[in-house]
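Here's a walk through this model, one region at a time. Keep the structure open and turn it as you read.

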Amino acid sequence: MRYTALHILALALVLAFLPSCDFIRTLAGRPTSADIEAIRRIIEEDDSLMTARRDSVESALEAARRAEADSLAALDSFALAGCHFRTPAELGGLDSACTLSRYAIAVGAFRKVSNARKMAQRFDADKYSPTVVVAGSGLNIVLVCPADRIKDLYVSYSRFRGEPLCPKDAWVLVNENVNDVQ
């Protein structure tokens, strides 16, 4: 078939006046280049958000693993020091939830509340935060160095153990009514 100059000119004019492939896509009901670009941006933003969330979760998990490892190390250190743990249930319960912390070092247990108060007064209130709680068994227990995390308690216990006021038979009260704080 022979193309004449008129045919070639007509084809050139048609091609020149067609705006782009987007015109044909629009006629066919397909997404245009702008639509495709907008979708690509949305997908990239979603990917960025998912990556940030994944990183945040991984960071939180790593922090939890470190806290667990620190807690286990503190428990091992308490065991090596020969320190015992007791719960309020082992003491017949606590008549009051005076201790708001998860852990505290018990430095004495007395039948007479006056003896417990005398012992509590021997401790510097700012440094040791002494308190007396009454166990269901009738014992008045002197607690010092309250802490919500076991590793913090071990730091206090390590310092306190070297003090002349620290009895050799000090033990740790674990308040079951307060959750661990990591």
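Just past helix α3, Gly 82 adopts a positive phi of about 80°. (Helices here are DSSP runs of H or I with at least four residues, strands are runs of E with at least two, and both are numbered from the N terminus.) Bear in mind that this is a predicted model: local features need pLDDT of at least 70, side-chain atom pairs count only at pLDDT 80 or more, and totals for chains, interfaces and linings use all residues. Residues are numbered from 1 along each chain as its sequence is written, and side-chain values use heavy atoms, with hydrogens and water left out.

Now back up into α3 itself, residues 33-81. Its 49 residues reach 71 Å from the first C-alpha to the last, close to the 72 Å expected at 1.5 Å a residue; that expected span is 1.5 Å times one less than the number of residues. The buried residues of α3 are Ala 67, Ser 71, Ala 74 and Phe 78. Buried means under 20% relative accessible area, exposed means over 50%, and partly exposed is in between, using a 1.4 Å probe and protein chains only. Among the elements covering those buried α3 residues are β1, α6 (150-161) and β5 (171-174).

Two of those covering elements, β1 and β5, take us to the sheet. Two strands count as paired if DSSP finds at least two bridges between them.

Follow β3 to its partner. β3 and β4 (residues 140-147) run antiparallel, joined by four bridges, and Val 132 has Val 142 as its bridge partner in β4. Five residues lie between the strands of this hairpin, where Gly 138 takes a positive phi near 95°.

Next, pick out Ile 105 in strand β2 (residues 103-110). Is Ile 105 buried or exposed? Ile 105 counts as buried, because its relative accessibility is 0%. Leaving aside neighbours within four places in sequence, Ile 105 contacts (heavy atoms within 4.5 Å) residues including Val 142, Val 144, Leu 153, Phe 160 and Trp 171.

Leu 27 is exposed, with a relative accessible area of 63%.
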